[in-house]
Amino acid sequence: MTTHIEQHCRDWVNAMVVGQNLCPFAKRSLDANGVRFKILEGSLDTLADVFLGELQLLDMDERVETTLLIIPQGLEDFMDYLDILEGANQMLDELGYEGVYQIASFHPRYQFENTAEDAPSNYTNRAPFPILHLLREASIEKAIEAYGRENAERIPHNNIDNLERMGLENILALLRKSS
């Protein structure tokens, strides 16, 4: 089961994140085996411990550039996921990790405020499962410097524009093909 979940997420990363260039920095980390796919195998009660374990692993192993903490069960409701995301961000702050790591958020029902549920723009943050993506701040800064700060600041807007142009039908066809 976990192999299927991980493969599904890898396929999504390749098709959407890398394939649609949603994150121009992702391919380098993926090619260097610096992306860790960690699946929460226990209940949500174990999430805080697993989250802490992933932060500690990032502290100890520089070869791991980033972790996708995949939560396959228990957070199907987007609002519940947002509560967990808020708690995870508070945990970063309380543990002294603010400015060291940050969390990018992905959910199958991700919806930006003031958008329709089926808006293509929501697919910039939609994933097969709820995911807390742990990123090293230093790596982000290094990538931004290489990419150009002005270019990096346009990434979210460009992603939304590109997916809007692509259209919902094409996005869904791409996702079906990659799963």
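**Helix faces, pockets and buried sites**

Me: Which residues are buried in H5, and within what arc do they fall?
Reply: In this predicted model, the buried residues of H5 are Ser-139, Ile-140, Ala-143 and Ile-144. Viewed down the helix axis, these buried residues line one face of H5, because they fall within an arc of 135°.

Me: Which exposed residues sit on the face of H5 turned away from its buried side?
Reply: The buried side of H5 is covered by elements that include S3, S4 and helix H6 (149–153). The face of H5 turned away from that side carries the exposed residues Ala-138, Lys-142, Glu-145 and Ala-146.

Me: What phi does the residue just after H5 take?
Reply: H5 spans 137–147. The residue just after H5 is Gly-148, and its phi is positive, at about 100°.

Me: Around the axis of H8, what arc do the buried residues cover?
Reply: On the face turned away from the buried side, H8 carries the exposed residues Glu-169, Arg-176 and Lys-177. The buried residues of H8 are Ile-171, Leu-174 and Ser-178. They lie on the same side of H8, because the arc they cover is only 65°.

Me: Which element gives the most to the lining of the second largest pocket?
Reply: The second largest pocket has a volume of about 190 Å³. It is lined by 13 residues, and His-8, Trp-12, Pro-128, Leu-175 and Ser-179 are the closest to its centre. H1 and H8 each supply at least two residues of the lining. The most, 4 residues, is given by H8.

Me: How many residues in the lining of the largest pocket are nonpolar, polar and charged?
Reply: The largest pocket holds about 920 Å³ of space. Its lining has 36 residues, with Leu-22, Cys-23, Phe-25, Ala-104 and Leu-135 nearest the centre. By class, the lining residues divide into 24 nonpolar, 9 polar and 3 charged.

Me: Which element supplies the largest share of the lining of the largest pocket?
Reply: Several helices and strands supply at least two residues each, among them helix H1 (2–18), strand S1 (35–39), strand S4 (131–136) and helix H7 (155–166). The largest share is 5 residues, and these come from S3.

Me: Is Thr-124 buried or exposed?
Reply: Thr-124 is placed in the loop between S3 and S4. Beyond its neighbours within four places in sequence, Thr-124 is in contact with Leu-22, Phe-106, Phe-112, Asn-159, Ile-160 and Leu-163. Its relative accessibility is 12%, and because the cut-off is under 20%, Thr-124 counts as buried.

Me: At what distance does the side chain of Thr-124 reach the backbone oxygen of Ser-121?
Reply: The side chain of Thr-124 also makes a polar contact with the side chain of Asn-125, at 2.8 Å. The distance from the Thr-124 side chain to the backbone oxygen of Ser-121 is 3.0 Å.

Me: With which side chain does the side chain of Thr-67 make a polar contact?
Reply: Thr-67 lies in strand S2 and is buried, with a relative accessible area of 0%. Leaving aside residues within four places in sequence, the contacts of Thr-67 include Arg-36, Lys-38, Leu-58, Leu-132, His-133 and Leu-134. The polar contact of its side chain, at 3.4 Å, is with the side chain of Glu-54.

Me: What distance separates the C-alpha atoms of Pro-72 and Pro-128?
Reply: Pro-72 is in the loop between S2 and helix H4 (78–94) and counts as buried at 17% relative accessibility. Not counting residues up to four places away in sequence, Pro-72 touches Ile-5, Ile-39, Leu-40 and Phe-129. Pro-72 and Pro-128 are 56 residues apart along the chain, and their C-alpha atoms are separated by 8.7 Å.

Me: What is the phi of Asn-21?
Reply: Asn-21 is placed in the loop between H1 and H2. It is partly exposed, with a relative accessible area of 43%. Asn-21 is not a glycine, yet its phi is positive, at about 55°.

Me: Is Asn-114 buried or exposed?
Reply: Asn-114 is in the loop between S3 and S4. Although Asn-114 is not a glycine, it has a positive phi of about 65°. Because the cut-off is over 50%, at 77% relative accessibility Asn-114 counts as exposed.

Methods: Residues are numbered from 1 along each chain as its sequence is written. This is a predicted model: local features need pLDDT of at least 70, side-chain atom pairs count only at pLDDT 80 or more; totals for chains, interfaces and linings use all residues. Side-chain values use heavy atoms; hydrogens and water are left out. On a 1 Å grid over the protein atoms alone, a cavity is a set of points where a 1.4 Å probe fits but cannot get out, and a pocket is an open set with protein on both sides within 12 Å along at least five of seven lines; lining residues have an atom within 4 Å of a point. Grid points are joined across faces, edges and corners, and a volume is the space filled by probe spheres set on the points. Ala, Val, Leu, Ile, Met, Phe, Trp, Tyr, Cys and Pro count as nonpolar, Asp, Glu, Lys and Arg as charged, and the others, Gly among them, as polar. Buried means under 20% relative accessible area, exposed over 50%, partly exposed in between (1.4 Å probe, protein chains only). A polar contact is a pair of N or O atoms within 3.5 Å; within protein, one must be able to donate a hydrogen and the other to accept it, and residues adjacent in sequence count only if both atoms are side-chain atoms. Contact means heavy atoms within 4.5 Å. The arc is that of the directions from the helix axis to the C-beta atoms.
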